[in-house]
Amino acid sequence: MSLQMVSSVSNSSLLQPGFSLLNFDGHVYFFGQKGWPKRSCPTGVFLLDIKQNELKMKPAVFSKDSCYLPPLRYPAICTYRGDTESDNQQYIIHGGKTPNNDLSDKIYIMSLVSKSSKKSTFKCIEKDLAGDVPEARYGHTINVVQSRGKSMSVIFGGRSYVPLGQRTTEKWNSVVDCSPSVFLVDFEFGCCTSYILPELQDGLSFHVSVARNDTIYILGGHSLQNNIRSPSLYKLKVDLPLGSPAVTCTVLPGGISVSSAVVTQTGDTEFVLVGGYQSENQKRLVCNTLVLEDNKIEIVERESPLWTPDIKHCRMWFGCDMGKGSVLLGIPGDNKQMISDANYFYILRCREAEEDEEEELTAQTCNQTSTEDPGDSTPFEDSEEFCFSAEANSSDVDDTYNEDDEEDESETGYWITCSARCNVDINTWVPFYSTELNKPAMILCSSGDGHWVHAQCMDLSETMLLRLSEANVKYFCNEHVDLNKGLQTPKKVGQLKKQPMKPLRKKKAMKFTPVKKSFLRRLFE
C-alpha cells in the first residue's frame, strides 16, 4: 500500500465529507457537493483529472433526455450492468441529503453517454418504484445480487428524520435509525419488497457492505439507538426463483467494530477496508483485506500504509473509493494554513504497481460510501460544517518529484540543500505555507545563472512569499543579497555646474503729467 499526497488546484471547496466517486472505464467522476451547483456546472458532476500529483476538476454535462439530479451527500451507490454482458456500466444512486438538508427517497440511474478530451456527457433517469418503497434516508448501502440468471438491488440501513408529527421546535432536525428492514428492488418491473428478519434487530448506518453473486456481507456501522459500533457480521443470501424471492440472514463471528470505513475492490474476490472510526473520538488506522469465496468471507488484518503525522493527529478524515484499488482521502488543514478550513488530499493505492499495469479495471460490486455524517455523531458534530476551500496553488516550478524515479531528485530541486542552514528532508518535511501541499515552496535567486532556494529556509513570511510569487521582480537569497546590493550601487557622477541665472530687468516707472485746475473746470462746466 502506498500513500501519496496530491495538490488540489481547482474547485477543491466542493470536496467535503459525504461526496461520492464514480468510476467509468478508469475515469473517476466526483458527485455530491454540499451546495447547489452553480451556472458554471449545473450538473454538479466533475471529472477528477489527476496529473503530476495535481488534482483538477472538470465540469461534466447531461444529455437532453436526462432528468435533474440534485447534489446528494451520503447517498447509497453501486454499479449495475443488467442481465446481459452487452449492457453498459451504470450507477444506481439512492437517497442522500440535499443542500437544503432534505432527504431524498428517489432512485436514479446514471450512465456515461460519451467522453472526449474536452467534455463528458452523462444520462440520468429517475426510476419510478411501487410497493414497499424505502423511506428517505442517508448513510445506507445498496448492492446488486445475481441469482438464477436474474439480478436485484438490496437496500439496507441508514438514518432518517423524526416523523413530522413527532418533531419539536428544539429537535426539528433530529435523526433516528431507519428500521432494520431489507428492501429488494426489481429494476425491470420497478417493484419494491421489504423483509423483516429476526437476526437484524437494530438499525445501522455508515456500515460497509460487499456483494458477490447472491450473497451480501454487512459489517460495522453505527447504531444511534444504542450508541455503539456493532462488531457483528451479517450474511444476507438472496434467492430469486420464478416465484417470490427468499431472503435469509446469518450472524457470523469475526466482525469489525467500525463506522464510516471505505472499501475498495482490488481483485475478483478481494476487497480492502480502509479508514473509518472505531469509537466516537478515535479514527481506525488499521486496514483489512476481505476475501469473498463461495458462501464465506475471510477478514484478515493487512499492513497499513505509512500514515503521515497529519493523518495520525487530525480529528477527522473523509474519503471515497476511486475504483481500481485506490481511495481518495481528505483531512482538514491545520493552523499553518492561511485558510483555516483548507484541506489536504491523499491517494491511497492498495494494489501493487505491477498489478495496476497488468490488470484491467475490475468490476465494482461493492457499495461506495463516504465518511459518517459528523453532524449526527456527537464529537464530530462540528466537522460537517468545515468549509473546505483550499484553492491552494502549487509552486511555480513545473517539475514534480517522482518517488518512483530516483534520478529526478537532482532535477526537481525540491529536496536540495539550498543553503548551509537548509533542513528540508523528503522524509520529515511537512507543509509550512498555505501554498504548499506536496512540495516545499521555492524561490529563484537571480544571482549568476540563478538557483533555487526554499522559501522557509530564507525566513520568508507568507505575505512576502505571495508577493514575490506574483510580482515580476528579481529576488536574491540570503547569501547573495549583499553581493546584489554592491552590484546595484549607482556609480558616482560628478557634480553638474550650474549656470548663473540672469538678473531680472527693472521696469521703468511711469510718469504722470500734472493737470491744471482751469482745465478741469472747463471739462465739467
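**Notebook: strands, rings and cavities**

I began at a hairpin in this predicted model. Leu292 stands opposite Ile297 in S29. I then checked the turn. Two residues lie between the strands of this hairpin, and Asn295 takes a positive phi near 60°.

Next I looked up the other partner, S25. Strand S25 covers residues 270-274, and four bridges join S25 to S28. This pairing is antiparallel. Here Phe271 stands opposite Leu290 in S28. How many of the seven residues of S28 are buried? I found six, so I noted S28 (residues 287-293) as mostly covered.

**Entry: the five-stranded sheet**

I traced an open sheet of five strands in the order S11-S17-S16-S13-S12. The pairing is mixed. Strands S11 (130-131) and S12 (141-147) stand at the edges. Each has a single partner strand, so one side of each lacks a neighbour in the sheet. Inside the order, I checked S13 against S16. Four bridges join S13 (residues 150-156) to S16 (residues 182-186), and the two run antiparallel. Phe156 stands opposite Val182 in S16.

**Entry: aromatic rings**

I searched the whole structure for aromatic pairs and got 15. I wrote down one of them, Phe24 with Tyr91. The pair is edge-to-face, at 5.2 Å centre to centre with 70° between the planes. Are the two residues buried or exposed? Phe24 is buried, at 2% relative accessible area. Tyr91 is buried too, at 0% relative accessibility.

I also noted a cluster. Ring pairs link Phe19, Phe30, Phe46, Phe318 and Phe345.

Then I looked for charges over rings. Lys97 lies over the face of Tyr138, 4.7 Å from the ring centre. The charged end of Lys283 sits over the ring of Trp317, at 5.8 Å from its centre.

**Entry: cavities**

I counted three cavities of 30 Å³ or more. Which residues line the largest cavity? I listed Leu47, Lys58, Pro59, Ser116, Ser117, Lys118, Lys119 and Ser120. By class, this lining has two nonpolar, three polar and three charged residues.

Technical notes:
Residues are numbered from 1 along each chain as its sequence is written. This is a predicted model: local features need pLDDT of at least 70, side-chain atom pairs count only at pLDDT 80 or more; totals for chains, interfaces and linings use all residues. Side-chain values use heavy atoms; hydrogens and water are left out. Two strands pair if DSSP finds at least two bridges between them. On a 1 Å grid over the protein atoms alone, a cavity is a set of points where a 1.4 Å probe fits but cannot get out, and a pocket is an open set with protein on both sides within 12 Å along at least five of seven lines; lining residues have an atom within 4 Å of a point. Grid points are joined across faces, edges and corners, and a volume is the space filled by probe spheres set on the points. Ala, Val, Leu, Ile, Met, Phe, Trp, Tyr, Cys and Pro count as nonpolar, Asp, Glu, Lys and Arg as charged, and the others, Gly among them, as polar. Buried means under 20% relative accessible area, exposed over 50%, partly exposed in between (1.4 Å probe, protein chains only). Rings of Phe, Tyr and Trp (its six-membered ring) pair if their centres lie within 6.5 Å; planes under 30 degrees apart count as stacked, over 60 as edge-to-face and the rest as tilted. A charge sits over a ring if NZ of Lys or CZ of Arg is within 6 Å of the ring centre and within 35 degrees of the ring normal.
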